[in-house]
Amino acid sequence: MKVFDPREIDAAVSRAFEEGDIEEALTLYEEGCAFVRFSGEVTTSAADIRAEIGGLIAMKPKVALDEVAVIESVDGKLATTRARGRIDGTGPDGQPMSVPFHTLAVVRKQADGSWRFAIDDPQGSAKS
């Protein structure tokens, strides 16, 4: 999946999560993307990012995006995105759960004009 407007990347990755399509979700991440794991650690490992996204997809999520804010750089090559909403799904114990989120990301325009995550903090709360 390619996204040609940074305002659409949060909706695109949410759709991939809902469809249970980890491969499609991963196409939205640059190689070497800095990803903040749910533990707060930052990783650039594709295997770690796959595992984190796989855990989210295992929830069989329904994503409600309440707000998406984007600020694009003057040269049009980078943008920040903030998305706020809620994920409803099934917890590891089989019980329904609802998790609010407020993400923070940096997306980069690719040579073909599409956008991909360069930095993704799904919780908007990176620890230093």
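1. Gly20 comes after helix H1 and has a positive phi, near 70°. Helices here are DSSP runs of H or I with at least four residues, strands are runs of E with at least two, and both are numbered from the N terminus. The model is predicted: local features need pLDDT of at least 70, side-chain atom pairs count only at pLDDT 80 or more, and totals for chains, interfaces and linings use all residues. Residue numbers start from 1 along each chain as its sequence is written, and side-chain values use heavy atoms, with hydrogens and water left out.

2. Helix H1 covers residues 9-18 and is mostly covered, with seven of its 10 residues buried. Buried means under 20% relative accessible area, exposed means over 50%, and partly exposed lies in between (1.4 Å probe, protein chains only). The buried residues of H1 are Ile9, Asp10, Ala12, Val13, Ser14, Ala16 and Phe17. An α-helix has 3.6 residues a turn, so residues three or four places apart point the same way.

3. The largest nonpolar core has 27 residues. Such a core is a set of buried Ala, Val, Leu, Ile, Met, Phe, Trp, Tyr and Cys residues joined through side-chain atoms within 4.5 Å. Val13, Phe17, Leu28, Tyr29, Ile53 and Phe117 touch the most other members. Two or more residues each come from H1, helix H2 (22-26), E1, H3, E4, E6 and E7. H1 gives the largest share, five residues. In soluble globular proteins, nonpolar side chains tend to be buried together.

4. Which residues does Val13 contact, leaving aside its neighbours within four places in sequence? They are Ala25, Leu28, Tyr29 and Phe117. Contact means heavy atoms within 4.5 Å.

5. There are two aromatic pairs in the structure. Tyr29 and Phe117 form a stacked pair, at 4.8 Å centre to centre and with 25° between the planes. This pair links distant parts of the chain: Tyr29 is in strand E1 (residues 29-36) and Phe117 is in strand E7 (residues 115-121), 88 residues apart. Rings of Phe, Tyr and Trp (its six-membered ring) pair if their centres lie within 6.5 Å; planes under 30 degrees apart count as stacked, over 60 as edge-to-face and the rest as tilted. Tyr29 is buried at 5% relative accessible area, and Phe117 is buried at 1%. Ring pairs join Tyr29, Phe35 and Phe117 into a cluster.

6. The salt bridge count comes to nine. The rule asks for a side-chain nitrogen of Lys or Arg within 4 Å of a carboxyl oxygen of Asp or Glu. Glu30 and Arg108 make one of these bridges, with their closest N and O atoms 2.6 Å apart. The pair links distant parts of the chain, Glu30 being in strand E1 and Arg108 in strand E6 (residues 104-109), 78 residues apart. Glu30 counts as buried at 12% relative accessibility, whereas Arg108 is partly exposed at 36%.

7. Asp48 and Arg37 also meet in a salt bridge through their side chains (3.5 Å, N to O). Asp48 sits in helix H3 (residues 46-58) and Arg37 in the loop between E1 and strand E2 (42-43), 11 residues apart. Asp48 is partly exposed, at 23% relative accessibility.

8. A further salt bridge joins the side chains of Arg86 and Asp88 (3.1 Å, N to O). Arg86 is partly exposed at 34% relative accessibility, and Asp88 is partly exposed at 27%. Elsewhere, salt bridges that share partners connect Asp5, Arg7 and Glu72 in one network.

9. Ala79 belongs to strand E4 (residues 78-90). Is Ala79 buried or exposed? Ala79 is buried, with a relative accessible area of 2%. Apart from its neighbours within four places in sequence, Ala79 is in contact with Pro6, Val70, Ile71, Glu72, Ala105, Val106, Val107 and Trp115. Ala79 and Asp21 lie 58 residues apart in sequence and 25 Å apart in space, C-alpha to C-alpha.

10. Thr103 is in the loop between strand E5 (96-102) and E6. With neighbours within four places in sequence left aside, the contacts of Thr103 are Asp10, Thr81, Arg82, Ala83, Asp121, Pro122 and Gly124.
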